[in-house]
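Student: Please take a close look at one part of this model. I would like a connected account of how its pieces meet.

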Number of protein chains: 2
Amino acid sequence: MHSIPLAATAAIATTFAGIALADDDLRAQELREDAQYMFEPIPLSMPDMPNNILSTDRIALGTMLFFDPRMSRSGVFSCHSCHNVGIGGADGLEVSIGHGWQKGPRNSPTVFNAVFNIAQFWDGRAADLAEQAEGPVQAGVEMNNTPDRVLDTLASMQGYVDAFATAFPGEDDPITFRNFALAIEAFEATLTTPNSRFDQYLMGADTLDDQELRGLSAFMDQGCASCHAGVNMGGQEYYPFGLVERPGADVLPAGDRGRFAVTATVADDYVFRAAPLRNIALTAPYFHSGVVWSLEEAVAVMGVSQLGAELDEAEIADIAAFLRTLTGEIPQVTHPVLPVRSATTPLPEDM
Amino acid sequence: MHSIPLAATAAIATTFAGIALADDDLRAQELREDAQYMFEPIPLSMPDMPNNILSTDRIALGTMLFFDPRMSRSGVFSCHSCHNVGIGGADGLEVSIGHGWQKGPRNSPTVFNAVFNIAQFWDGRAADLAEQAEGPVQAGVEMNNTPDRVLDTLASMQGYVDAFATAFPGEDDPITFRNFALAIEAFEATLTTPNSRFDQYLMGADTLDDQELRGLSAFMDQGCASCHAGVNMGGQEYYPFGLVERPGADVLPAGDRGRFAVTATVADDYVFRAAPLRNIALTAPYFHSGVVWSLEEAVAVMGVSQLGAELDEAEIADIAAFLRTLTGEIPQVTHPVLPVRSATTPLPEDM
């Protein structure tokens with residue numbers, strides 16, 4: 001123990017530390033490169049939309065429609081009721097509450113960065129945000145309206161008549177249900193959250209601490225990134241919930257067979273779109289069933305059901321810490337002043 | 001018919017027109033002076049509050065609380081649900097829908113300029129906006145929460161812990177139900193709507209057209225201004241609904257005896273606070289019962305019930321046209337980003 005003089009011990013320790021640091025640097029560089037290969041930062045500019053024009057006028061109209069509870073039959077619910085821009089673009093409920101206090105079938109997915117998903121809804125049954133926007137307004141358990149009644153409502157208010165005319169220039173009859181949906185899509189396309197700490201890390205900044213870096217490493221090594229990759233860290237592909245081991249009926253209710261309802265294919269039984277993980281720290285509760293409130297518990301469930309891995313407590317904590325770095329800059333939305341009703345505006349119903 | 005030469009006729013006409021114009025000018029000046037005596041423009045600056053401090057931090061906290069649906073037991077309703085800043089500060093419903101799809105007892109009054117009312121609620125049972133704010137959050141048919149559960153919710157989120165500390169500096173335990181109410185009041189005090197066309201007229205501009213001026217004149221001559229005067233054109237005194245003739249049970253339901261429930265005094269039977277008329281064009285439907293959707297019909301009902309006057313159609317149209325000049329500049333509100341829940345945040349209940 002005492003055969004090496006103190007000075008020499010210190011020299012050896014320095015050398016060891018030097019080697020260790022070099023190794024750490026190398027590993028850190030590899031980790032960042034792996035991450036850059038698997039993931040992509042949220043872009044700063046709005047995406048190009050193949051079927052829509054993101055003009056200022058169209059976005060302004062979409063903002064009005066998104067926040068207008070008169071788009072629902074009762075006059076109580078708007079898109080914003082379940083996709084609250086103050087609560088991570090979701091509603092913080094197990095499943096949403098809609099018309100007549102009915103429960104919706106699934107947890108409300110965030111509208112933030114939804115423009116980057118390959119398709120919309122948990123089962124991907126809508127090709128894009130415009131197609132999605134036509135759904136809840138008609139769903140009996142959500143806004144319970146009809147396209148005709150929506151159009152009657154819009155046409156009855158001069159403010160909407162003018163706004164549709166400027167948002168869809170050159171159209172003889174701009175107030176259509178398709179244009180209603182396109183305007184909402186245009187607004188929703190603005191709801192992106194760039195510059196999360198993880199995105200800054202991907203761009204070369206040292207914004208993650210040791211635990212978060214261990215979490216990132218585990219996220220890739222354990223295979224989470226196989227499904228949760230790309231710009232939205234998910235939202236691109238469909239997988240059976242219970243790829244390795246089906247979770248209990250509390251988390252995966254037997255009555256909701258996911259994408260099977262869309263494709264009627266046995267291979268799609270209990271298949272859902274891998275959830276995008278952007279801003280996941282803001283959007284509890286988790287899963288389509290919305291029964292899991294803790295991010296750590298959600299990570300543990302995923303480990304067992306999708307990877308067949310009993311993650312230990314430290315690893316779960318690391319991955320959860322990493323996931324909390326995915327919170328981006330939240331869009332600042334000025335609440336729109338909505339058009340004034342007229343004598344021909346349909347009255348609220350079913351109250 | 002032809003005894004006066006054409007040139008002479010023209011000269012006489014000019015003279016007559018000159019006299020008529022002079023008379024008109026005089027009448028116009030008198031009308032404006034009468035109006036300036038009866039009414040007051042909405043001030044540009046926030047009012048001083050005797051029991052509150054309108055600091056930026058307190059207003060910011062109040063904005064969060066006002067928009068946060070987690071202040072309700074279910075997590076569905078916020079103050080903003082029934083006092084929508086996009087719909088004239090009200091909800092456009094006959095009566096509001098609350099917890100469990102229950103109907104509230106009365107039409108939601110606008111939050112805009114409510115700071116100028118002598119007291120809050122249709123029956124004036126709350127002395128100020130802070131006292132008012134403590135009501136709906138606890139009402140079983142509205143947000144159905146309890147003060148303790150609200151405080152537990154607030155204390156569970158670091159964002160609220162920090163925001164209360166900065167909004168109420170120097171307090172050892174800033175998260176109190178009273179401070180919750182004071183912060184909401186501070187935000188609501190910012191929701192004023194200056195510079196309506198009528199206010200600009202009061203300040204000397206010629207912003208009203210002939211019909212609107214006739215309407216203003218009738219509004220004062222018929223006696224409407226006896227109850228609807230001052231800065232808020234109402235909101236200052238209590239009067240029986242049916243001062244001259246009690247309206248039918250559709251407009252004045254027998255079960256709601258108004259201020260009688262507050263004072264238990266027979267003189268207060270069916271007594272309500274005169275509604276403030278600011279932005280009245282934005283806040284249909286009308287009256288505490290919310291059953292009248294047309295401003296013209298509301299004017300007619302008031303004529304009969306409060307003044308004993310069967311106003312003719314032209315006069316009703318004139319008064320309604322005048323009332324539409326009371327729409328001011330609507331406050332621009334940026335939707336707040338709300339604090340993130342934690343493991344100790346109470347879960348939504350009763351869904």
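Tutor: This is a predicted model. Chain A is divided into domain 1, residues 56-189, and domain 2, residues 193-325. Taken over C-alpha atoms, the centres of domain 1 of chain A and domain 2 of chain A are separated by 27 Å. Domain 1 of chain A gives 22 residues to the contact, and domain 2 of chain A gives 27 residues. Between them the two domains of chain A bury about 2,000 Å², with 51% of that area on carbon and sulfur atoms.

The polar side of this domain interface can be set out pair by pair. The rule finds one salt bridge across the interface of domain 1 of chain A and domain 2 of chain A. A salt bridge joins the side chains of A:Arg106 and A:Asp256, with an N to O distance of 2.7 Å. Polar contacts across the interface of domain 1 of chain A and domain 2 of chain A come to twelve residue pairs, both residues of each pair at pLDDT 80 or more. On the side of domain 1 of chain A that touches domain 2 of chain A, the residues are ten nonpolar, eight polar and four charged.

The contact between the chains can be described in the same terms. Chain B and chain A each supply 40 residues to it. Together chain B and chain A bury about 3,100 Å², and 75% of this lies on carbon and sulfur atoms. Of the area that chain B buries against chain A, 24% comes from B:Trp101, B:His335 and B:Met351, more than from any other three residues. The side of chain B that touches chain A holds 23 nonpolar, twelve polar and five charged residues. Across the interface of chain B and chain A, the rule finds zero salt bridges. Residue pairs in polar contact across the interface of chain B and chain A number four, both residues of each pair at pLDDT 80 or more.

Technical notes:
Residues numbered from 1 in each chain as written. Chains lettered and ligands numbered in written order. Predicted model: local features only at pLDDT ≥ 70, side-chain atom pairs only at ≥ 80, totals over all residues. Heavy atoms only, no water. Contact = heavy atoms within 4.5 Å. Buried area = accessible area lost by both parts, 1.4 Å probe. Salt bridge = Lys/Arg side-chain N within 4 Å of Asp/Glu carboxyl O. Polar contact = N/O pair within 3.5 Å; in protein donor to acceptor, adjacent residues only side chain to side chain. Nonpolar A, V, L, I, M, F, W, Y, C, P; charged D, E, K, R; others polar. Domains from an automatic or database assignment.
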